[in-house]
Amino acid sequence: LDPILTVRNMSVGFPSLSGTIPAVRDVSFSVRREKIGIIGESGSGKSTTGRAIMRLQPPGAIVKADALRFEEIDLLKVSEKDMLSIRGRRMAMILQDPKYSLNPVMTVGEQIGETVMLHEKVSRRVARERTLGMLERVQIRDPRRVFDLYPHEVSGGMGQRIMISMMLIASPSLIIADEPTSALDVTVRQQVLSILDDLVTERDIGLIFISHDLNLVRSFCDRVIIMYAGRIVETIAAADLDHAKHPYTQGLLNALPSLDHPRDRLDVLARDPAWLEG
Ligand code: ATP
Ligand code: MG
């Protein structure tokens, strides 16, 4: 089966007074109908990679690649007009804070209902029923109450479930989730992950799951891309992580906080990054 997404030698630079800052350098990977994690510490280029695939890079950013292909679409050549109809429908992004993805002036019910009407060409009344059903599917217990809430009135976990319910309707073939559960507490996180997992399995889609929680990615994803300073250090099956050969990956694994040695942050940066060159 062909990959859903192919990224070949993609680089992203940000212009600055002292020259172009290379945020992503020469990354290559492909995504099939699988869950692929991107892991790396803060500033390693994870979000920049995700945004470049969605063609949502900040103004001025320079994206170069030998290939950037999504299904039959050449993302390097697609117009912004065409991209508007691809985003949200065929490829979608879930961000850390759902408030930035939801329309602040529309109620939850109105925005899910709008997605239903757009995709299923049904009447407003039918869309309302479908919307209440969607809210139940993502384990929202009192859908009639939540229907009339505005995004600022819902919790982070509920916001992410609302985002996922819209994806159940639009049924994109690729989802990029950028730290979708980092702001959630542990029980809510598990619930959101399991709903996301169901969506990916049921619809047989590709998921890029960006995180800096190696334990989470290891248990949730099939494969893991490890990034450091804008480069891909290695791509490895989650099941093989314990046997990772690369020193940086080993460092990440060794830096994992344990109950005996809790740590606030990974301190792999202190290691000698000489292997990065060459
Ligand atoms: P985090 O884990 O903190 O989210 P990340 O891996 O997602 O980090 P990016 O946000 O992709 O990292 O940033 C990669 C590099 O690009 C960083 O050095 C960052 O400072 C730089 N960068 C990101 N966005 C911009 C921007 N709009 N303008 C200039 N530089 C940027
Ligand atoms: Mg980021």
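Reader: Which element gives the largest share of the shell around ligand 1?

Author: Helix H1, with 3 residues. Before we go on, this is a predicted model, where local features need pLDDT of at least 70 and side-chain atom pairs count only at pLDDT 80 or more, while totals for chains, interfaces and linings use all residues. Residues are numbered from 1 along each chain as its sequence is written, chains are lettered from A, and ligands are numbered from 1 in the order in which they are written.

Reader: What makes a residue part of that shell?

Author: Its C-beta atom, placed from the backbone, has to lie within 6 Å of the molecule. For ligand 1 that gives 13 residues, the closest being Ala-23, Ser-42, Lys-46, Ser-47 and Thr-48. Strand S2 (19-31) and helix H1 (46-53) are the elements that give two or more residues each.

Reader: Why does Phe-70 count as buried?

Author: The rule goes by other C-beta atoms within 10 Å of the residue's own, all placed from the backbone: 20 or more is buried, 12 or fewer is exposed, and in between is partly exposed. Phe-70 has 23 such neighbours, so it counts as buried. Phe-70 sits in strand S5 (residues 67-70).

Reader: Which residues does Phe-70 touch?

Author: Leaving out residues up to four places away in sequence, Phe-70 touches Ile-4, Leu-5, Leu-75, Met-91 and Leu-174. Touching means that the two C-beta atoms, placed from the backbone, lie within 7 Å.

Reader: Why is something called a nonpolar core?

Author: It's a set of buried Ala, Val, Leu, Ile, Met, Phe, Trp, Tyr and Cys residues joined through C-beta atoms within 7 Å. The largest one here has 67 residues, and among those touching the most other members are Leu-174 and Ala-177. Helix H6 (residues 156-170) gives this core its largest share, 7 residues.

Reader: What does the radius of gyration of the protein chain agree with?

Author: With a compact globule. The rule, 2.2 Å times the number of residues to the power 0.38, goes with a radius taken over C-alpha atoms. For 278 residues it gives a value near 19 Å, and the protein chain has 19 Å, so the two agree.

Technical notes:
Helices (H or I, at least four residues) and strands (E, at least two) are DSSP runs, numbered from the N terminus.
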